[in-house]
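Please examine the sequence and the structure shown below.

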Amino acid sequence: LQPPRPPHSAVFQVSPSEPRTGTEVGPPGPGDVRARRFLLSLYLVGFLDLFGVSMVVPLLSLHVKSLGASPAVAGIVGSSYGILQLFSSTLVGCWSDVVGRRSSLLLCILLSALGYLLLGMATNVFLFALARVPVGIFKHTLSISRALLSDLVAEKERPLVLGQFNTASGVGFILGPMVGGYLTELDGGFYLTALICFSVFLLNAGLVWLFPWSEAKLSGTKNGLRLGRKPVLPGETDYEVPEAAPTPGASESKETARWPWEEVTWALRDMRSLIFSEMWDIFLVRLLMAVAVMLYYSNFVLALEERFGVRPKTTGYLISYSSALGTLAGFALGPILRLYKHNSHEVLLHSSVLTCTLLLLYSTAHTMGVVVLSSSFLSFSTSIGRTCITDLQLTMGGAQASGTLIGMGQSVTAVGRIITPLLSGVAQEVSPCGPPILGAALALVAIFIMSLNKSRAGGGRSGKLKCE
């Protein structure tokens, strides 16, 4: 017999032996210091993660070709990562909601480290492709870290904290290629780079293991988990949901042992109905804006060479400059949110309008000065937009399903990565400016959708996936 389905409030129940998704440190004072230390530790995890990855990723295409892969095989191997991410992002995110952030974060880091170790040991194309499998399935360190951050802070603080986390990660993404480029000039440079990446991931796992989890307690508040907001009630366990209304069979289902994959299945069923009924516009906007920006970058190097005769090396400097500006956008997010009274939907709408305008400006540019100007502001607007769309997902879906929601967002982005090369190729048949023009058109559609749903998003903090 199948065990009775638990009430919705018990879907994300976990064992009391391990904190699940949140951290709550006692009253203000020393607790605030511990809270800040926890957040800074998570920022360091994000920095190390992208630092290690960005050392290796720019070298992958060259290395697989050096192993004897044809361009077609290299393309298939390269796309395998995106396909695996497409199917694993939501599952791993939901799994982290069920089994806990600590264990899921540790396992993902360690299995990703194994993938990069195998990558460094690969001596043929088959082993190279095999090494990409554990990374494609379990490389969700940043998603789980963002879910944990959303558990830790109040709703108004969430966009700012996520922006700071993105800034820390972005710094790692800027520094990593510089180190990887230097190491690859040495004998056996790729293998050395992969080994160092493996070591960075092991360091990250050690850091997560040393987090002050013992100071963390889970609160089952309806609005999610808060850091340093109120003292934990005596005797309150990690899996209690005080606000949940008692339902027939609830106590029986709590006593019934359930396998994690059963809870994941129940959670995904609940999420499917919510996504297709109330959150479809948020995920559609995420897909449209992601494809719009990826179309802009898809032929950036080639377009500048054809339109202005700019060498790829100079274009690389421009991309690094833009990435640095996008990283700094995290520091401006706080004042921007205060100016908009913490209305993430309004910020997202205006940043999307700016992105659309800049894509059109870049497409019609006749001088490199206009290109540099549009590229500068575009990196800023897209960075702000990514943070706001994640915050909207968590606001509409609920903090206690943050892992599933962020994983679903990553799956949507993975779909964009799959379809963008096809759209870019067709658009380039028309003009070198075709991809950014198409991107501007998609951004315009996203703006139209957001405008139609403005009233619902502004007041519809439904939190349907929260424990109610």
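**Notes on the structure**

1. Helix H8 covers residues 189-209, 21 residues in total, and reaches 30 Å from its first C-alpha to its last, close to the 30 Å expected at 1.5 Å a residue. (The expected span is 1.5 Å times one less than the number of residues in the helix; helices are DSSP runs of H or I with at least four residues, strands are runs of E with at least two, and both are numbered from the N terminus.) Buried residues of H8 include Gly189, Phe190, Thr193, Ala194, Cys197 and Phe198, and also Val200, Phe201, Asn204, Ala205, Leu207 and Val208. Here buried means under 20% relative accessible area, exposed means over 50%, and partly exposed lies in between, with a 1.4 Å probe and protein chains only. An α-helix has 3.6 residues a turn, so residues three or four places apart point the same way.

2. The basis of these notes should be stated. The model is predicted: local features need pLDDT of at least 70 and side-chain atom pairs count only at pLDDT 80 or more, while totals for chains, interfaces and linings use all residues. Residues are numbered from 1 along each chain as its sequence is written, and side-chain values use heavy atoms, with hydrogens and water left out.

3. How confident is the predictor on average, in terms of pLDDT? The protein averages a pLDDT of 77, and 76% of the residues score at least 70; pLDDT is the predictor's confidence in each residue, from 0 to 100. Over residues 1-29 the pLDDT stays under 50, and the model has 102 contacts beyond four places in sequence for them. Residues 217-257 also have a pLDDT below 50, with 87 contacts in the model beyond near neighbours in sequence. A contact means heavy atoms within 4.5 Å. Where pLDDT is low, the predicted coordinates should not be read in detail.

4. As for the overall fold, the protein has 18 helices and 0 strands. Of its 468 residues, 54% count as buried. Among contacts with a separation of 6 or more, 85% are between residues 24 or more positions apart.

5. Which residues form a nonpolar patch on the surface? They are Ile83, Phe87, Ile418, Ile419 and Leu423, with about 420 Å² of accessible area together. Patches are made of residues with over 30% relative accessible area and no salt bridge; nonpolar side chains (Val, Leu, Ile, Met, Phe, Trp, Tyr) are joined within 5 Å, and like charges within 9 Å. Helix H3 (71-99) and helix H16 (402-430) each supply at least two residues of the patch, and the largest share, 3 residues, comes from H16. Phe87 belongs to H3 and counts as exposed because its relative accessibility is 60%.

6. The structure holds 4 salt bridges, a salt bridge being a side-chain nitrogen of Lys or Arg within 4 Å of a carboxyl oxygen of Asp or Glu. In one of them, Asp97 pairs with Arg101, and the closest N and O atoms are 2.9 Å apart. Asp97 counts as buried because its relative accessibility is 0%, and Arg101 is likewise buried at 0%. Arg101 also forms a salt bridge with Asp151, the closest N and O atoms being 3.0 Å apart. Asp151 lies in helix H6 (residues 141-152) and Arg101 in helix H4 (residues 101-121), so this pair ties together parts that are 50 residues apart in sequence.

7. Another salt bridge joins Arg158 and Asp391, whose closest N and O atoms are 2.7 Å apart. Arg158 lies in helix H7 and Asp391 in helix H15 (residues 368-397), so the pair ties together parts 233 residues apart in sequence. Arg158 is buried at 3% relative accessibility, and Asp391 is buried at 4%. Through shared partners, salt bridges join Asp97, Arg101 and Asp151 into one network. Beyond four places in sequence, Arg158 touches Ser150, Val153, Asp391, Leu394 and Thr395.

8. Finally, Cys356 is found in helix H14 (residues 344-363). Is Cys356 buried or exposed? Cys356 is buried, because its relative accessible area is 6%. Leaving aside neighbours within four places in sequence, Cys356 is in contact with Ala440, Ala443, Leu444 and Ile447. Cys356 and Pro436 are 80 residues apart in sequence, and their C-alpha atoms are 9.3 Å apart in space.

Note on methods. Areas by Shrake-Rupley, 256 points an atom, 1.4 Å probe, with all protein chains shown as cover.
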